[in-house]
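Biologist: I've got a new model open and I'd like to talk it through. Can you put it up on the screen?
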Amino acid sequence: MRIRFTFVAQTDIFLYMKKHALFTSFIALFTAIICIGCFIKIPLGVVPVVLQNVLCILCAVLLGGFIGAAPTALFLLAGLVGLPVYSGGTGGIAVWLGPTGGFLPGYLLGALVAGLIAGKPRVEEKKLSWKLVLKISLAITAGMIVIYIPGVIRFAAWATGAGKVPVEKTSAAYAVGACLLPFIPGDVLKIIVAVPVALKLRPVAAQYLYSDVSE
């Protein structure tokens, strides 16, 4: 009896260590993908078009839940300590204090929201349903929208302090015009691409991360 109990305990420990290693590997991989995205940047006024925003959201949806925000948190921490992983190969506290600094915490908030809405991926998601498509679409869209909230607020504060706001506009209107409206078409396209990618890869992630704890 004792031998059987010891064997079961050792098996449980092995499975836990294996699962922990897989989670760590996935988080590290997704963090690296987000960081590599810093080299894809299209200048458009003060706020450039970037790929990192949708990568943060996509990675969060693939992992699901609170853990979905982990790759974004590590990416932000890497840039904060000075590694050149932010848009255009920049890094450091100066980026956080700049006009677009509000988008950085927005990435984390957006990833958290997207991961919570999407929930834990399941192997059964190989079978598509309209509810699943709607949930993933909502998760990615909500995450992308949330990114802009601290981004626009920070940009409005910076524009006011720097005297960049035209006399005929309020700081909020100027920030929305500079940080939000020009990027809507591009973000819609990103969402259209990200949704099918998430639907395709979530069951794969679930197979490695949650296959033995399926609901």
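Biologist: Let's start with H2 and H8. Are they roughly parallel or oblique to each other, and why?

Modeller: Bear in mind that this is a predicted model. H2 covers residues 52-63 and H8 covers residues 184-209. They pack at an angle of about 30°. Angles under 35 degrees count as roughly parallel, so H2 and H8 are roughly parallel to each other.

Biologist: How far apart are the axes of H2 and H8?

Modeller: The axes are 8 Å apart. H2 passes H8 in a right-handed crossing.

Biologist: Which residues make the contact?

Modeller: From H2, they are Asn-53, Val-54, Leu-58, Val-61, Leu-62 and Leu-63. From H8, they are Asp-187, Lys-190, Ala-194, Val-197, Ala-198, Leu-201, Arg-202, Ala-205 and Leu-209.

Biologist: And by class, what does the contact of H2 with H8 have?

Modeller: It has 11 nonpolar, 1 polar and 3 charged residues.

Biologist: What about Lys-200, buried or exposed?

Modeller: Lys-200 is found in helix H8. Exposed means over 50% relative accessible area. Lys-200 has 64%, so it is exposed.

Biologist: How far is Lys-200 from Leu-62?

Modeller: In sequence, Lys-200 and Leu-62 are 138 residues apart. In space, they are 9.6 Å apart, C-alpha to C-alpha.

Biologist: New topic. At what angle do H6 and H7 pack?

Modeller: About 120°. H6 is residues 130-162 and H7 is residues 171-179. Their axes are 8 Å apart. Roughly perpendicular ends at 115 and roughly antiparallel means over 145, so H6 and H7 are oblique to each other. Their crossing is right-handed.

Biologist: Which residues of H6 and H7 meet?

Modeller: H6 brings Tyr-148, Val-152, Phe-155, Ala-156, Ala-159 and Thr-160. H7 brings Ser-171, Tyr-174, Ala-175, Val-176, Ala-178 and Cys-179. By class, that contact has 10 nonpolar, 2 polar and no charged residues.

Biologist: Let's go inside. How many residues are in the largest nonpolar core?

Modeller: There are 54. Val-61, Phe-75, Tyr-107, Ile-136 and Ile-140 touch the most other members.

Biologist: Which elements give two or more residues to this core?

Modeller: They are helix H1 (2-36), H2, helix H3 (70-80), helix H5 (103-118), H6, H7 and H8. The largest share, 11 residues, comes from H6.

Biologist: Let's zoom out. How many helices and strands does the chain have?

Modeller: The chain has 8 helices and 2 strands. Read along the sequence, the pattern is α-β-β-α-α-α-α-α-α-α.

Biologist: What percentage of the chain's residues count as buried?

Modeller: Of the 215 residues, 41% count as buried.

Biologist: Last one. Among contacts with a separation of 6 or more, what share comes from residues 24 or more positions apart?

Modeller: Those residues account for 74% of such contacts in the chain.

Key. Residues numbered from 1 in each chain as written. Predicted model: local features only at pLDDT ≥ 70, side-chain atom pairs only at ≥ 80, totals over all residues. Heavy atoms only, no water. Axes fitted to C-alpha atoms, helices over the stretch in contact; angles between N-to-C directions. Helix = DSSP H or I, 4+ residues; strand = E, 2+ residues; numbered from the N terminus. Parallel < 35°, antiparallel > 145°, perpendicular 65-115°, else oblique. Left-handed = near helix turned anticlockwise from the far one by under 90°. Contact = heavy atoms within 4.5 Å. Nonpolar A, V, L, I, M, F, W, Y, C, P; charged D, E, K, R; others polar. Core = buried A, V, L, I, M, F, W, Y, C linked by side-chain atoms within 4.5 Å. Buried < 20%, exposed > 50% of the residue type's maximum accessible area, 1.4 Å probe, protein only.
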